[in-house]
Structures are given as structure tokens and as C-alpha cells.
Amino acid sequence: MDGTIAGFLAVDGIATGAIYALVAIGTVLIFTVTRVIFIPFGDIAAFTALTLAAIDSKKMPGTLGLVAALAILAFLTEAGSLARTRRLRQLPRAALIYLLLPLAVVGAVWAAIPFAAYEPVRILLALALIMPIAPLLDRIVFRPIASGSVLLLLVVAVALHFALVGLGLIFFGPEGVRTEPLTSFATDIAGIPIPGQSLLIVLAAIAFSLLLFLFFDFTVMGKSLRATAVNRTGARLMGIRPARSGTIAYLLGSVMAGVSGVLIAPVNTIFYDSGFLIGLKAFVGAIVGGLISYPGSAIGALFVGLLESFASFQDSALKDVIVFATLIPILLWRSFASKQIDEEVEE
Amino acid sequence: MTLARLRLAALVAVLCLAAAPFLVSSFSVTLLNYIGVYALVAIGLALLTGIGGIISFGQAAFVGIAAYSSAWVSAVSGYSPWLGLCLAVVLTCSVAAFLGLITLRLRGHFLSLSTIAWGLAIYFLFGNIPTLGNFNGIAAIPPIPIGSLKLSGSAQIYYLIWAIVVVCLVLSYNLLNSRMGRALRALRGGKILVESLGINAFRVKLAAFVIAAFLASLSGWLYAHLSTFISPSPFGAEMGIEYLMMAMVGGSGSPIGGVLGAALVTLLKNGIQDYLPLITKGASGELEIVVFSTLFILFLQRAPRGIVPFVARFMPQLRHVAPGTIAKLPVRAQPAPGYPLLIVQDVERRFGGLIAVNHVSFEVNAGEILGLIGPNGAGKSTMFNLLTGALRVGQGQITFAGQGICGQSQSHIARAGIARTFQHVKLRPRMTLLDNVLLGAHPRLHAGLLRGALRLDRVEEASAHAEALRQLARVGLSDDPFMLAGNLPLGKQRLLEIARALAADPLLLVLDEPAAGLRRQEKLRMAELLIALRDEHLTILLVEHDMEFVMGLVDRIVVMDFGSKLCEDAPAAIRADPRVQEAYLGSIA
């Protein structure tokens with residue numbers, strides 16, 4: 001391997017890593033606020049890519065049906081729980097949040113697709129359509145077991161991922177998609193070609209991380225999210241509703257995952273089930289950050305991207321073996337580096 | 001229900017299983033074969049996850065290692081499938097032991113995540129090894145021969161599969177009712193509890209991990225020779241989670257739940273495959289996984305404990321029979337009264353810049369009750385943790401019964417004869433009073449895994465039971481030894497903790513705020529018990545907040561304040577000491 005190839009692999013790895021970083025940051029966000037290790041984030045990213053591809057070709061994306069179905073389910077779940085606790089007076093509000101709002105998004109996107117002439121508009125439509133999915137899933141799947149152990153939530157998240165893969169096949173079909181590059185710009189540094197797309201990916205990752213940072217530090221909502229992450233009971237005593245914080249976290253996380261999906265679609269062919277490996281590798285990055293630290297997760301995700309890039313040059317068949325085998329020493333290091341008293345698993 | 005009836009029910013179940021191939025269609029027999037094969041993995045997960053609390057997503061990879069081993073030996077190399085079994089078991093257990101050694105020290109979700117990691121790594125490996133046929137797999141795997149008979153038909157291999165399942169079930173239940181099984185059941189109480197009982201938590205975890213892998217290897221071997229063709233796909237993450245579903249659906253705390261779960265999940269999947277196309281045309285395979293995952297999520301939301309605990313509520317309780325006269329467990333000789341049993345010399349412990357314990361020295365003499373008191377933040381709890389090995393000593397020496405115990409593990413110190421209780425009671429709420437006390441006797445017993453599983457430990461177990469009953473009687477809890485510990489009120493839970501500590505036959509009993517949260521009557525009862533224990537020459541160190549409780553009970557008091565020892569004297573003198581009054585009430589001036 002000479003310098004040029006190494007440089008090329010490094011550029012590729014950093015771009016892939018930046019994509020993982022976006023998903024990883026979303027994963028950390030959700031975990032700290034809701035304690036759910038949201039494995040399906042990769043699926044959200046893949047669904048965004050598939051949605052965008054459908055919109056690009058003037059087809060109605062399957063996401064429309066998916067969101068509508070989830071909205072109805074979420075509303076029924078909420079209505080059921082309101083009926084059980086005799087709070088039916090809140091039903092109109094529940095209908096507004098869980099049914100009308102997502103359906104309005106679906107309707108607006110549906111109406112706008114034929115007129116979306118510019119790529120940025122189409123990307124916005126795809127993101128708008130993808131955003132309700134995770135919060136609705138939160139209401140349907142995780143809210144009823146919100147107080148369960150981290151492990152129960154993890155098992156449920158994994159099961160949810162499998163359900164989503166199946167739904168992906170139903171709503172999007174088995175064909176892979178690759179969207180048009182967002183830019184044809186290209187440059188080179190010291191003889192190493194740098195595609196504009198890679199630059200864009202890295203810039204987007206930096207921009208969104210920065211935005212998240214500003215949100216956390218300079219808005220009340222961001223601070224309430226951080227408060228929930230630090231101490232749920234304490235935040236609750238201060239009048240912050242953990243469920244609402246959870247919804248906001250899922251929305252923000254979805255944007256991050258969605259953006260990563262938009263960015264990866266022109267680079268890799270995305271299938272309905274591509275999300276799992278994206279999510280899992282982002283997750284490896286998040287673990288490097290101890291599932292707590294945002295910068296740590298971003299660095300971890302970059303590391304995974306680089307590792308994957310160099311591993312696939314050495315032995316492309318075994319690249320996944322290498323990436324996942326590397327996770328074990330990282331886990332060991334993280335587990336011993338974190339000082340918390342071991343969580344007691346009571347029945 | 002008596003034990004005899006339970007055995008009768010089990011016998012009927014086995015007879016039904018034996019008769020099944022003559023009564024049902026050959027397709028159903030095939031289905032039963034797969035249920036049996038999956039059940040083996042699920043039984044392992046019931047032990048590992050349900051009881052031990054270690055969630056593994058990677059069992060499918062173990063099944064795969066075994067299946068590929070045997071397939072390679074028999075189909076590629078042409079040797080006997082029985083040789084394949086040997087390789088399968090040895091290889092799978094070695095890989096499990098290796099992975100366990102590395103990963104089982106991981107905490108909480110880190111551990112479960114590592115199982116996903118190695119599970120996937122192994123899965124991807126299968127598809128990339130040319131001798132194992134890459135992603136195409138290995139075909140034409142020969143049937144298992146028994147003598148001259150080849151088990152090629154589904155009705156023939158049926159008996160082998162279910163015989164193995166039944167044997168494994170029996171061994172699992174034997175194991176759970178033995179010394180190592182109790183240790184396994186205690187794991188979920190947390191490392192501090194388990195180690196304080198003199199149990200090496202890591203070794204118990206490793207044992208459970210390898211046992212689960214062993215069961216998975218039997219399953220993999222049977223799978224390879226049952227399906228006669230293997231490829232990587234049934235050993236991936238999807239199947240890993242499916243095995244976990246089986247264990248959780250069945251009721252992850254019981255081995256029989258593993259079998260039920262395997263049956264339910266397999267029949268459900270089969271049902272979905274059969275009936276879904278009737279409801280919706282076109283989409284089938286993809287909808288299956290959606291319906292299946294949805295049902296699983298619903299199940300976890302509604303009944304996170306599974307079907308067995310749900311059904312067990314409607315079943316008659318098993319009646320226990322008290323054992324007859326039995327040989328007693330050997331007892332340690334208590335040291336002569338006045339002997340300096342525990343010597344704390346100039347001990348220091350810092351947390352960063354904070355000095356929690358600052359050059360503290362005191363002695364506990366045999367046969368006395370020593371009270372360690374002090375206001376909040378005085379360093380009592382840190383001192384307690386240093387004594388029991390939960391924290392490392394920074395500087396200084398702690399000598400117990402003539403041996404230095406600084407730097408030794410909690411379980412080692414517990415075995416040396418220091419038994420403790422906890423400020424926040426740590427009992428196993430779903431184990432009986434008797435089993436909780438038996439946990440305390442763990443270091444005095446010797447039966448290992450194998451003796452437990454084969455019930456060769458019955459003589460020792462009977463002695464241990466008698467000892468546990470004796471300790472329960474000693475603290476006044478002998479009314480219903482088969483009650484669940486979680487049903488006791490706090491006062492009695494504290495007594496139960498003392499009974500558990502006594503079962504370890506300790507030289508020194510260390511109690512962490514035993515009166516905290518007790519009502520007046522309960523406190524009096526506790527004080528009476530402690531005085532009675534001292535009169536039996538047991539040495540007691542008491543860390544306590546409640547002055548009234550301490551003053552009437554102890555022989556001497558050590559007062560700590562801001563990490564340092566303030567003074568040490570008889571209760572009356574301590575009460576009169578102006579320094580102590582200042583520490584507790586603030587200075588007068």
C-alpha cells in the first residue's frame with residue numbers, strides 16, 4: 001500500500017465515518033434521554049435514502065403508507081391508555097399529536113411531490129416524511145415499557161429492527177437504490193483525489209453536530225433534554241416530562257439519521273435491509289464514547305469508518321468480521337474505563 | 001402437590017413424547033424434531049439469561065460452530081458423525097470459554113452488546129471460509145449412525161433428539177437445586193452480594209456461559225444431521241434473537257420454559273407461514289417477520305416474565321418435606337475471648353483529593369460487640385467497605401485472625417470468616433428463605449457443577465438444609481422456610497440476612513446499620529438476637545446510626561468524624577465525651 005492509496009482509503013474512511021458519526025450521535029441522544037439502545041436508527045437512515053430515491057423518480061414513496069399506518073397505531077395505543085386511566089378528556093389532544101399531525105405531514109408531502117423540482121426541496125420532503133417514524137414507534141413500542149430494564153428495552157429494540165426490515169421490504173420492495181450525487185465538484189490535496197460528496201458528508205456531519213451542541217447549550221428545550229439525560233426523576237420534579245423529552249430526542253435523532261441516509265445514498269447502493277449494518281457500526285462508534293459522550297462517539301464512528309475502509313482494502317470479504325471483532329476490545333476498554341457501580345439486574 | 005405426583009406428571013409427559021411418532025403425521029414429527037433442537041439452545045439461555053441475567057444474542061453462532069464442525073468432519077472429511085459430535089462439543093465449549101474469559105467481566109449492556117459483536121463476527125466468518133463452502137454451505141451431511149442403524153428418517157432421529165432434551169432438562173433442574181445452581185440464581189442480586197457470600201461471581205458466570213454453549217453445541221450437531229444441509233444463514237443475528245425470544249416467551253427463569261418457548265415460537269412461525277398467505281395474498285416471507293416481531297414485542301410488553309410464571313400461579317404449590325436426622329456440617333472453632341480478631345492499623349483511603357478514611361486504627365476483640373459510629377460523612381461506610389474488601393485499602397494494614405486481608409478479593413475475605421449484612425437489604429426475593437440462607441453456606445459446601453447435575457451431592461445437601469433450618473430457627477424465622485424472601489417485612493428481612501451470614505459459620509459478623517428502618521419492637525428483637533449471639537461467643541462489629549440502639553447493646557464504641565478516629569471507649573464514657581457531643585450536635589460556643 002503506497003501513500004496515495006492510503007490517502008485515498010483515509011478520505012473514503014473519513015467520509016463513511018462521518019456518516020456513522022451522525023447516526024452514532026443520534027443513538028447516544030436517544031440512549032441518554034430514554035435509556036433505549038435504538039438499534040433501528042440505521043433503518044431510519046436507509047428508509048430516508050429509499051424515500052428520497054422514490055421522490056426523485058416521481059414515485060410515491062412507501063413511507064407515506066408506513067407513517068400513516070404508524071400514526072393510526074400510535075393513536076389507538078394512546079387512546080387505549082387514556083381510556084384505561086380514565087383521561088378521555090385528553091383524547092382530542094392525543095388525536096392532534098399522534099394522528100392529525102403525522103397525517104398532515106403525509107398529506108403535505110404527498111401533495112408536494114409532483115411539484116418538487118429541486119433536489120434540496122426533495123431532500124426536505126424526504127426528511128419531513130421520515131421524522132415522525134421514530135417518535136411514533138416510541139409511543140407504540142417503548143412508552144408502555146419505559147420503566148423496564150435497559151436489557152428489556154434492548155431486546156425490544158432488536159425485535160423492532162426486525163419488524164422494520166420486514167416493513168421495509170413491504171413498503172419499498174427488494175430493489176436497491178442509488179441517488180444522484182449532490183455535487184459534481186471534486187478537488188485533490190497532495191495528489192489524493194477528494195470527491196465533493198465526501199467533503200459534503202464531512203461538512204454536514206460537522207454542521208449538524210454543531211447545531212446539536214448549540215441546541216443543547218442555548219435553548220431551554222435542549223437544556224431540559226440534558227436534564228432528563230442526567231436524572232429522569234430530578235428532571236421530572238422540575239416539571240420536565242420524560243415522555244416529551246423522549247419525543248424530542250427521537251425527532252432530533254431522526255433528523256441526524258435521515259441526513260446520514262441522504263448523504264450515503266449517492267455513495268452506496270441502499271437496500272431495505274442496509275440499515276442494520278449502518279446502525280450497528282454507528283453503534284460501535286457510540287460505544288467508544290461510552291454511550292454518553294457526543295465527541296467520543298463521533299471520534300469512535302470515524303475510527304470505525306477508517307477501520308472499515310482499510311480492512312476492506314486488505315480483505316474485503318472479512319471486513320465485517322474485522323469491524324465486529326474489534327468491537328470486543330473496545331467494549332472491554334469502555335467497561336473498565338467507566339467507573340459506575342454495576343447495575344443490579346433485579347427481576 | 002407432592003414430589004411423587006410431580007414425578008408422575010413428568011413420567012406421563014415423557015410417555016406422551018415417546019408415543020408421539022405413532023400418533024401424529026410425519027410432518028408434525030419433523031416439526032417436533034426442530035422444536036427439540038431449538039429447545040436445547042433455549043434451555044441453555046434459560047440458565048444463562050433467565051437465571052444468570054446474562055443476555056446473549058450470540059447463541060446461534062455457537063450452534064453454527066457445532067453444526068459446521070460436525071458437517072466438516074462427516075460430510076467433507078468422511079468420518080463418523082460421532083467424531084463430529086466430539087469436535088463440535090470441544091470446539092464450541094473452547095470458543096465459549098475463550099470468549100467468556102474475555103467478555104464476562106463486562107458490565108450490564110456492554111456484555112450483551114459484545115455477544116452481538118462476536119455473534120456477527122463468527123457468522124460472517126462462516127460465509128468466508130472456502131472449506132466450509134462459503135455462503136453456499138455444506139450439503140449431503142450423512143445421518144447419525146447407531147450401531148448399524150442410520151437415523152435418516154425423521155421418526156428415527158426423533159427419539160435421539162428428545163432423549164437428549166429430556167436428559168438435559170433433568171440435569172438442568174438438578175443443577176439449579178444444587179450449590180452451584182443457587183450461586184447462579186444469586187448472580188442477579190449483583191456482584192457485591194454474590195462476592196460477599198464467598199462466591200466467585202466470575203467463575204459462576206463462566207460456568208453458566210459454557211453450559212449454555214454446550215447445550216447449543218448439542219443442538220448444532222443435531223441440526224446439521226437433521227437437516228442434512230447447512231449454510232451460514234440460520235446462525236446469524238436473526239436466529240440469535242429468535243433463541244432469546246424462545247427463552248423469554250417460555251419464562252426465562254425455568255428450563256422447561258425453554259422447551260415450551262421453543263415449541264410456541266416454532267408452532268407460531270409455522271402457523272404464520274400457513275395462514276398468513278390465506279389472509280394476505282402476495283407478501284408472505286417479509287410479512288412473517290413483521291407479524292412475528294410484532295407478536296414478540298406485544299408479548300414482552302404484556303408478560304415480560306413469560307408463560308411459565310403465568311401458568312405456575314394456577315398450579316398447586318409443591319409441598320416440601322422436612323429432612324430427618326443428618327450429619328452436621330463441620331464448624332470452625334471460635335477464637336478465645338479477648339483475642340484481637342480484627343486489627344485495623346493506620347488505614348487510609350482517598351477518593352481523589354478527598355480523604356474518606358484518614359489513618360484510622362482500632363481492634364475488635366473476640367467475643368465482643370464493637371460499635372462503629374459517627375455522624376453522616378464520617379467515613380463509616382468506607383471503613384466498612386475496606387474491611388469487607390469492597391474497596392481497596394490505600395495505606396495501612398488490616399489483619400484478620402492473624403492474616404493480612406488488604407488487597408484480597410471480597411469473596412476471599414468472606415471465606416476467611418467475615419460475614420456481612422447490608423444497609424439496604426440484599427436478598428434474593430424470588431428464592432425461598434431456606435435457599436437464601438443456603439447461599440450463605442456456599443463456602444462450607446464442596447459439590448461442583450457435575451456432582452450437582454448428577455445429584456451426587458445429596459448427603460452434603462441434606463446437611464446443608466439442616467444447618468440452614470437451624471440458622472433460621474436461631475433468628476426466629478423457622479415458621480415457613482419455603483416462603484419467598486420478598487414476601488417478608490423489612491424487619492424480618494434483616495433477620496434473614498443475619499441468618500444467611502450465620503450460615504457461613506463466621507468468626508466475625510459485620511452488620512451495616514442493622515436497625516435502619518426498623519420499628520421499635522423490631523429493634524428490640526434485633527438487639528436481643530445480637531446479645532444472644534455474643535453470648536454464644538460470636539464477635540460482632542456494628543456500624544450504626546441509631547445511638548439508642550448502640551448504647552444499650554455494644555461493649556465498646558469507636559467514634560469516627562471527618563474520616564478520622566475521634567475516640568474509642570465504653571458506651572457511658574462516649575456519651576459523656578465533649579468531642580463526641582460536638583461532632584454530633586455542634587460546639588456550644
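In this predicted model, the contact between the two chains draws on 40 residues from chain A and 39 residues from chain B. On the side of chain A that touches chain B, the elements that give two or more residues are α7 (150-172) and α14 (319-337) of chain A, and of these α7(A) supplies the largest share, with 16 residues. Sorted by class, the residues on this side of chain A divide into 30 nonpolar, three polar and seven charged.

Within chain A, a helix pair may be followed next. Helix α6 (residues 133-142) of chain A packs against helix α11 (residues 242-264) of chain A at an angle of about 145°, the two axes lying 7 Å apart, and the crossing of α6(A) past α11(A) is right-handed. From α6(A), the residues A:Ile133, A:Ala134, A:Pro135 and A:Asp138 take part, and they meet A:Gly246, A:Thr247, A:Tyr250, A:Leu251, A:Gly253 and A:Ser254 of α11(A). Taken by class, this contact of α6(A) with α11(A) has five nonpolar, four polar and one charged residues.

Strands of a sheet pair through backbone hydrogen bonds, and they do so either parallel or antiparallel. Inside the order, strand β5 (residues 369-373) of chain B and strand β11 (residues 556-561) of chain B pair in the parallel sense over four bridges, and B:Leu372 has B:Val558 in β11(B) as its bridge partner.

Antiparallel pairing in chain B can be traced from strand β3 (residues 340-351), which eight bridges join to strand β4 (residues 354-365) of chain B. In this pair, B:Arg350 has B:Ile355 in β4(B) as its bridge partner. The hairpin of β3(B) and β4(B) has two residues between the strands, and there B:Gly352 takes a positive phi near 60°. β3(B) also pairs with strand β6 (residues 395-400) of chain B, again in the antiparallel sense, over five bridges, and here the bridge partner of B:Val344 is B:Ile398 in β6(B).

Terms used. Residues numbered from 1 in each chain as written. Chains lettered and ligands numbered in written order. Predicted model: local features only at pLDDT ≥ 70, side-chain atom pairs only at ≥ 80, totals over all residues. Contact = placed C-beta atoms within 7 Å. Nonpolar A, V, L, I, M, F, W, Y, C, P; charged D, E, K, R; others polar. Pairing = 2+ DSSP bridges. Axes fitted to C-alpha atoms, helices over the stretch in contact; angles between N-to-C directions. Left-handed = near helix turned anticlockwise from the far one by under 90°.
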